[in-house]
Amino acid sequence: MKAYIQRLGRALMLPVACLPAAALFLGFGYWIDPSAWGGNNVVSAYLVKTGSAILDNLGLLFAVGVAIGMARDKDGASALSGLVGFLTITTIMGSASMFLGFDAEKIATEHPAFAPGAIGNKNVFFGILVGCIAGALYNKFGKTKLPDFLAFFSGRRCVPILTAAIMSLVSLLLLFIWPAVYGALVWFGESIMGLGAVGAGIYAFFNRLLIPTGLHHALNNVFWFNLAGIDDITKFWSGQGAVQATGGFHPFGTYVTGIYQAGFFPIMMFGLPAGAFAIYRNAKPENRKTVGSLMLAGGLAAFLTGVTEPLEFSFMFAAFPLYVVHAVLTAISVFIAAAFQWIAGFNFSAGFIDWFLSLKVPQAHMPWMLLVQGVVFAVIYYFVFDFMIKKFNLKTPGRGDSTDEDASSAATDTATTASGDKYVDMASALYAALGGKSNVTEIENCITRLRMGVVDSSKVDVEAIKRTGVPGVKVLDKKNVQVIVGTQVQAVADAMNDIASGAVAGGGAAPKA
């Protein structure tokens, strides 16, 4: 089950990757016409509608994206199956009044679970469900061989047909089950929303704490999309949802659009980069050059794009108490921003680019205060990290054994010069350290990490992986290993797939200390 959820978390990244496009179009559209959202400017209207094309069809995007993400060989037939399955379920559920004898004109008030807004193209719950089923059907039947008279429908061609049939049965069950599921999701969402800023802080704490397992994606989908009726990202960028109060401190106030996003900006833009500086300052003098390069690259990525995993994984396991403090500080930041209703939003992550684009979004409220809060948290992060590293002698990067650090640096230098392509060289070293073709069964990636399936994780040379210079490595269980690479993970993953297929030579001996 854990491995399956890990796979699902990776698959969710494909549709989520569409969201920055929505942010760009909507952000610039609101900048041009902040008062009428395109009503007074045709260019603004064009941009807003372009961005809305993504947000208004998130469920459909998740169905297609999750289906292809869950399919082992990522064939387009799995995506087509996801589309067929989603159209099947939304069409049948949309006709509930016909099957169950409802008054169609009273569905919105008497049967809200079947209202267009609950079962339409925005329904991410349906999208994920369909994507998982379509992906599983493709993996099971994608290579099925039928008798000669049905041979045309063999293999990939049979999967969309099977998906339509299975989803028609699932839809039949959902006609009776969905109202209870919908009610439970709404209850959960309303319970958290009822806690206001306190609930936002609780969410943020577990958001950070679950990152080592990769399960934070499941939690994010509850608060950022419409699984529980919260839908914070869509409501923010579409200018819908609960509006801000006039001011003051509201720790237990009602839900305000954007409170599950805003408080991350001070942490990702200021707090973590300041913590990275503290790690650099506490590194041994002979290791500061290497550590400084790692911390600078990670700090810039966090500030500009909100991608924090390269920084977080650099101390997550070596200094776990420091990571727990980081999770607590994140919770406090999200709570403060929510309580004072300083609101900005993101479509990708809480970096400067998304903050800037959200300034003119109608739901933004005093977003400049997030910069002030960020400066305060930068000071807090630096002194807290500095104190804890020294007080408890935490083994953050650059504070380990000098011989190991020197070996790591030497191995990294060697690995990035062998072929002239640093990504191919890193991929070759990682592939070898993972056990090569005899042990590696799957090569996947999300935003910053490789998600590897292996025959036996005990054959993985963790120390050799660390010597390639990656920020972190995590052996999840006997069959799954994750390697934190950074924002260039896609290039490394592509190179590893080329090595695995034989298109590129590599994957021989792992680097030696």
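Which residues form a nonpolar patch on the surface? In this predicted model, the patch consists of Leu-24, Phe-28, Trp-31, Ile-32, Val-42, Val-43, Leu-296, Leu-300, Leu-304, Phe-352, Ile-353 and Phe-356, which together have about 1,100 Å² of accessible area. Patch members have over 30% relative accessible area and no salt bridge, and nonpolar side chains are joined within 5 Å; a salt bridge is a side-chain nitrogen of Lys or Arg within 4 Å of a carboxyl oxygen of Asp or Glu, and areas follow the Shrake-Rupley method with a 1.4 Å probe.

Residues are numbered from 1 along each chain as its sequence is written. Local features need pLDDT of at least 70 and side-chain atom pairs pLDDT 80 or more, while totals for chains, interfaces and linings use all residues, and side-chain values use heavy atoms, without hydrogens and water.

At least two patch residues come from each of α2 (19-32), α3 (42-55), α15 (288-305) and α18 (352-357), and α2 gives the largest share, 4 residues. Helices are DSSP runs (H or I, at least four residues) numbered from the N terminus.

| Residue | Relative accessible area | Class |
|---|---|---|
| Phe-352 | 30% | partly exposed |
| Cys-132 | 12% | buried |
| Cys-158 | 9% | buried |
| Ser-349 | 12% | buried |

Ser-349 is found in the loop between α17 (320-340) and α18, and its side chain reaches the backbone oxygen of Gly-306 at 2.8 Å.

The whole structure holds 0 disulfides (cysteine sulfur pairs within 2.5 Å); the sulfur of Cys-158 is 19 Å from the closest cysteine sulfur, in Cys-132, and therefore too far for a bond.

Note on methods:
Patch = residues over 30% accessible without salt bridge, like charges linked within 9 Å, V, L, I, M, F, W, Y side chains within 5 Å. Buried < 20%, exposed > 50% of the residue type's maximum accessible area, 1.4 Å probe, protein only. Polar contact = N/O pair within 3.5 Å; in protein donor to acceptor, adjacent residues only side chain to side chain.
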